Amino acid sequence: MNAVTADRRHFEDLVVGETVNLGSTLVTKEMILSFAHEFDPLPFHLDEAAAKRSLLGGLASSGWQTAALTLRLLGDSFLSKIASAGGLGFSDLKWKKPVMKGDTIWATATIAELRRSRHHPQWGIVSIDLDVKNQKGQPVMSMRLANLVESREPEAGMQAQPEQPYDVEQGGAA
């Protein structure tokens with residue numbers, strides 16, 4: 001057993017349908033400007049006057065900033081409590097509504113699927129549906145993540161598994 005993850009939840013401890021409240025974060029003007037200057041320098045992320053004239057109608061967070069903030073919430077509230085070995089990818093990313101200066105976003109994570117790696121039964125793959133809303137309860141973003149999780153009982157996964165996307169193979173994910 002891995003000493004680093006021994007006290008964390010493992011693949012066998014996770015349940016499809018389990019939903020975790022990931023908490024919330026306030027998105028400030030300073031956060032938006034800082035992120036935009038470094039990663040997404042579009043006028044509606046950088047300049048309030050230009051943002052007011054844009055389709056968004058005001059200073060808005062980059063969708064990638066919303067995703068990054070959500071990942072932080074996921075890490076703090078869920079991934080740091082399981083025997084996670086890292087992400088394998090994401091799908092179905094949807095930015096549903098802009099996150100504006102002063103919005104508070106909050107998120108939930110729901111375990112959508114659990115399966116063993118076909119090639120490495122010591123690893124499980126958890127698919128997590130993320131749902132992010134603003135303080136008004138309006139959906140702002142959703143996505144599905146695949147994460148690699150250590151198994152406590154690898155021998156339980158020795159039976160053949162069908163090939164799936166995000167399966168772990170020698171030298172990386174495929």
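## Overall architecture

The chain of this predicted model contains four helices and seven strands, and along the sequence these elements follow the order β-α-α-α-α-β-β-β-β-β-β. Of the contacts with a separation of 6 or more, 73% are accounted for by residues 24 or more positions apart.

Of the 174 residues in the chain, 40% are buried. The chain exposes about 9100 Å², and 55% of this area is supplied by carbon and sulfur atoms.

## The largest nonpolar core

The largest nonpolar core is made of 30 residues, and those with the most contacts inside it are Leu14, Leu22, Leu74, Phe78, Ile105, Ile128 and Leu130. Two or more residues are given to this core by each of strand 1 (19-26), helix 1 (29-39), helix 4, strand 3 (104-116), strand 4 (123-133) and strand 5 (139-150). Strand 5 provides the largest share, with five residues.

Isoleucine 128, one of the residues with the most contacts inside the core, touches Phe78, Leu79, Ala109, Thr110, Met143, Arg144, Leu145 and Asn147 when residues up to four places away in sequence are not counted.

The side chain of glutamine 65 reaches the backbone oxygen of methionine 31 at 3.0 Å. Leaving aside neighbours within four places in sequence, glutamine 65 is in contact with Met31, Ile32 and Phe35.

## Aromatic pairs

A search of the whole structure finds two aromatic pairs. In one of them, phenylalanine 35 and phenylalanine 39 form a tilted pair, with 5.0 Å centre to centre and 45° between the planes. These two residues are separated by about one helical turn, because they lie four residues apart in helix 1. Phenylalanine 35 counts as buried at 16% relative accessibility, whereas phenylalanine 39, at 54%, counts as exposed.

Tryptophan 64 and tryptophan 95 form an edge-to-face pair, with 4.9 Å centre to centre and 85° between the planes. Tryptophan 64 lies in helix 4 and tryptophan 95 in strand 2 (residues 84-95), so this pair ties together parts that are 31 residues apart in sequence. Tryptophan 64 is partly exposed, with a relative accessible area of 47%, and tryptophan 95 is partly exposed, with a relative accessible area of 42%.

Definitions and conventions: Residues are numbered from 1 along each chain as its sequence is written. This is a predicted model: local features need pLDDT of at least 70, side-chain atom pairs count only at pLDDT 80 or more; totals for chains, interfaces and linings use all residues. Side-chain values use heavy atoms; hydrogens and water are left out. Buried means under 20% relative accessible area, exposed over 50%, partly exposed in between (1.4 Å probe, protein chains only). Contact means heavy atoms within 4.5 Å. Accessible areas come from the Shrake-Rupley method with a 1.4 Å probe; for residues, only the protein chains shown count as cover. A polar contact is a pair of N or O atoms within 3.5 Å; within protein, one must be able to donate a hydrogen and the other to accept it, and residues adjacent in sequence count only if both atoms are side-chain atoms. A nonpolar core is a set of buried Ala, Val, Leu, Ile, Met, Phe, Trp, Tyr and Cys residues joined through side-chain atoms within 4.5 Å. Rings of Phe, Tyr and Trp (its six-membered ring) pair if their centres lie within 6.5 Å; planes under 30 degrees apart count as stacked, over 60 as edge-to-face and the rest as tilted.
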